[in-house]
Amino acid sequence: MTYRSRGRSLFEVIFAVCFTAFLIGFIAVLCIGNYFRAKRAQERQRQRRLSKLAHSGGNDAEAAYASEANYSGNYEAPHVPQNTGVQA
């Protein structure tokens, strides 16, 4: 079954294909732009954090940068000592 058998003209088929391509391209451009915007924002935040550490602590900034460069994704939550609650 072709589009012609459904009563659509060649112009309508071409128009539908162009419209679909436009929508896909528009959404792709939005996604790519958002990716690069987020990447720039992440870099600005990292620079702000390093600048703040440099102004407050000296060697802390270098240690933070080194640990960030060697980040392996292993995060261990801080340990809470047992029996620290209020005795009833």
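## Salt bridge

A salt bridge is a side-chain nitrogen of Lys or Arg within 4 Å of a carboxyl oxygen of Asp or Glu. By this rule, the structure holds one salt bridge. This is a predicted model, in which local features need pLDDT of at least 70 and side-chain atom pairs count only at pLDDT 80 or more, while totals for chains, interfaces and linings use all residues. Residues are numbered from 1 along each chain as its sequence is written, and side-chain values use heavy atoms, with hydrogens and water left out.

The salt bridge joins R46 to E43, with the closest N and O atoms 3.0 Å apart. Both R46 and E43 belong to helix α1, three residues apart, about one turn of the helix; helices are DSSP runs (H or I, at least four residues), numbered from the N terminus. R46 counts as buried because its relative accessibility is 17%, where buried means under 20% relative accessible area, exposed over 50%, and partly exposed in between (1.4 Å probe, protein chains only). E43 has a relative accessible area of 36%, so E43 is partly exposed.

## Aromatic pairs

Rings of Phe, Tyr and Trp (its six-membered ring) pair if their centres lie within 6.5 Å; planes under 30 degrees apart count as stacked, over 60 as edge-to-face and the rest as tilted. The count comes to three aromatic pairs. Among them, F11 and F15 form a stacked pair, because their ring centres are 6.2 Å apart and their planes stand at 25°. These two residues both lie in helix α1 (residues 10-57), four residues apart, about one turn of the helix.

Another pair is formed by Y35 and F36, whose ring centres are 5.2 Å apart with planes at 75°, so the pair is edge-to-face. Y35 is partly exposed, with a relative accessible area of 49%, and F36 is likewise partly exposed, at 42%.

## Nonpolar surface patch

F11 counts as exposed at 62% relative accessibility, and F15 counts as exposed at 53%. Both contribute to a nonpolar surface patch of about 890 Å², made together with F19, F22, L23, F26, I27 and L30. I27 has its place in helix α1. Such a patch consists of residues with over 30% relative accessible area and no salt bridge, with nonpolar side chains (Val, Leu, Ile, Met, Phe, Trp, Tyr) joined within 5 Å. Accessible areas come from the Shrake-Rupley method with a 1.4 Å probe.

## Cysteines

The structure has zero disulfides, a disulfide being a pair of cysteine sulfur atoms within 2.5 Å. C18 is partly exposed, with a relative accessible area of 48%, and C31 is partly exposed at 49%.

Technical notes
Patches are made of residues with over 30% relative accessible area and no salt bridge: like charges are joined within 9 Å, nonpolar side chains (Val, Leu, Ile, Met, Phe, Trp, Tyr) within 5 Å.
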